[in-house]
Amino acid sequence: MLEDLSCHILDIAENSAAADAETVTLLLEERRRENWLYLSVEDDGRGMDEERCARVYDPFFTTRTTRRVGLGIPFLRQAAEACDGELTLTSRLGEGTALRASFRLDHIDRPPVGDIAATLVTLLAGNPRIRWIYRHRVDDSEFLLDSQELLAVLEDPDMLRTPAVAEWLRSYIAENLEEIGAGGESIAQDQKS
Amino acid sequence: MPRIKSLEDLKKIKENAKDLTSARSEGKTRVVIGMGTCGIAAGARKVMDAVLAELEKRGLHDVTVETTGCIGMCQQEPLLDVIRAGQGRITYGKVEPEDVPRIIADHVVNGTIVQDKVIGRAD
């Protein structure tokens, strides 16, 4: 099992990178008024046909040669369903894949949001040539990170692999998420326990 | 409340790094961390954090950090490979964040392999 949502996002997004995506769009939406949390990962990678798409829910289905899937999606599905939510996967061969998961926000089993900054630093440093778009919404507040904007400054994608940029990115993301109160509910939950 | 980091700060990092681009060559050391589901579940992201922090602390800008998927040794995760010119690929297993400073200091900097954590090697 993966400990929090940020680990799930990292895991699912690694599938997108392995599928040769050029752009990956990540969304984490905390709709506190409606008491739902939505997570989605969309890519323009090689996609899957209907048959394979149906089989990735099976924990014992994996493609050893491409390492496209394995336990990651079943883990996330289990976590979502345990919180009255669901996981849906839509994919088109040659066009890309979209995964969406929902969680009842105040469900006792809802995993905490976790360390989003660490996940994004890992994704950007590990796959600097992919355009990463991360959107985090808390009701009406939003933080948007687009790696293309960072590259407009850095020019060379390999700069994303350098420790100095990684450290800047970690603080930049953490401070902006704090601004919009991201993960606040889960922090409150942790303090209660 | 600290001041929000801005893209201006990033520009400064970019400018300071200009003279480092000359250090980019084929002989560069690479650190590769397994970031499959198994690696993530075992704590690979914390190892990645520790590697980046240690490299930044030591000012080692000519080392690249990469990630890879599951390589089938899930029971040994988190896995960390160091590929240093002339030494081939050394794979370390069950790497904890606390092991990272030692691997960076002994192996990445000085070329001395940390034998007690090695689980594989390839040329």
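How many salt bridges are there between chain B and chain A? The count is three, where a salt bridge is a side-chain nitrogen of Lys or Arg within 4 Å of a carboxyl oxygen of Asp or Glu. This is a predicted model: local features need pLDDT of at least 70, side-chain atom pairs count only at pLDDT 80 or more, and totals for chains, interfaces and linings use all residues. Residues are numbered from 1 along each chain as its sequence is written, chains are lettered from A and ligands numbered from 1 in the order in which they are written, and side-chain values use heavy atoms, with hydrogens and water left out.

**Interface between chain B and chain A**

- Chain B brings 36 residues to the contact and chain A brings 43 residues; contact means heavy atoms within 4.5 Å.
- The two chains bury about 3,400 Å² between them, 64% of it on carbon and sulfur atoms. Buried area is the accessible area (1.4 Å probe) that two parts lose on being put together, summed over both.
- In chain B, the residues that lose the most area to chain A are Lys5(B), Leu10(B) and Arg45(B), together 20% of what that side buries.
- One of the salt bridges pairs the side chains of Arg170(A) and Asp49(B), at 2.8 Å from N to O.
- Between chain B and chain A, 10 residue pairs are in polar contact, both at pLDDT 80 or more. A polar contact is a pair of N or O atoms within 3.5 Å; within protein, one must be able to donate a hydrogen and the other to accept it, and residues adjacent in sequence count only if both atoms are side-chain atoms.
- Helix 1 (7–17), helix 2 (37–42), helix 3 (44–58) and strand 2 (63–68) of chain B each supply at least two residues of the side that touches chain A. Helices (H or I, at least four residues) and strands (E, at least two) are DSSP runs, numbered from the N terminus.
- Helix 3 of chain B gives the most to that side, with eight residues.

**Chain B**

- Chain B has four helices and five strands. From the N terminus on, they run α-β-α-α-β-β-β-α-β.
- Of the 123 residues in chain B, 49% are buried. Buried means under 20% relative accessible area, exposed over 50%, partly exposed in between (1.4 Å probe, protein chains only).
- Asp9(B) sits in helix 1 of chain B. Asp9(B) counts as buried because its relative accessibility is 15%.
- The Asp9(B) side chain reaches the backbone nitrogen of Ser6(B) at 3.0 Å.
- Glu77(B) and Pro78(B) are joined by a cis peptide bond, with omega about -5°. Pro78(B) lies in the loop between strand 2 and strand 3 (80–84) of chain B.

**Chain A**

- Chain A has seven helices and six strands. Along the sequence, the pattern is α-β-β-α-α-β-β-α-β-β-α-α-α.
- Buried residues make up 57% of the 193 residues in chain A.
- Asn35(A) has a positive phi of about 65°, although it is not a glycine. Asn35(A) lies in the loop between strand 1 (23–31) and strand 2 (36–43) of chain A, and is partly exposed at 21% relative accessible area.
- Asp84(A) is not a glycine either, yet has a positive phi of about 65°. Asp84(A) is in the loop between helix 3 (72–81) and strand 3 (87–92) of chain A. At 46% relative accessibility, Asp84(A) is partly exposed.
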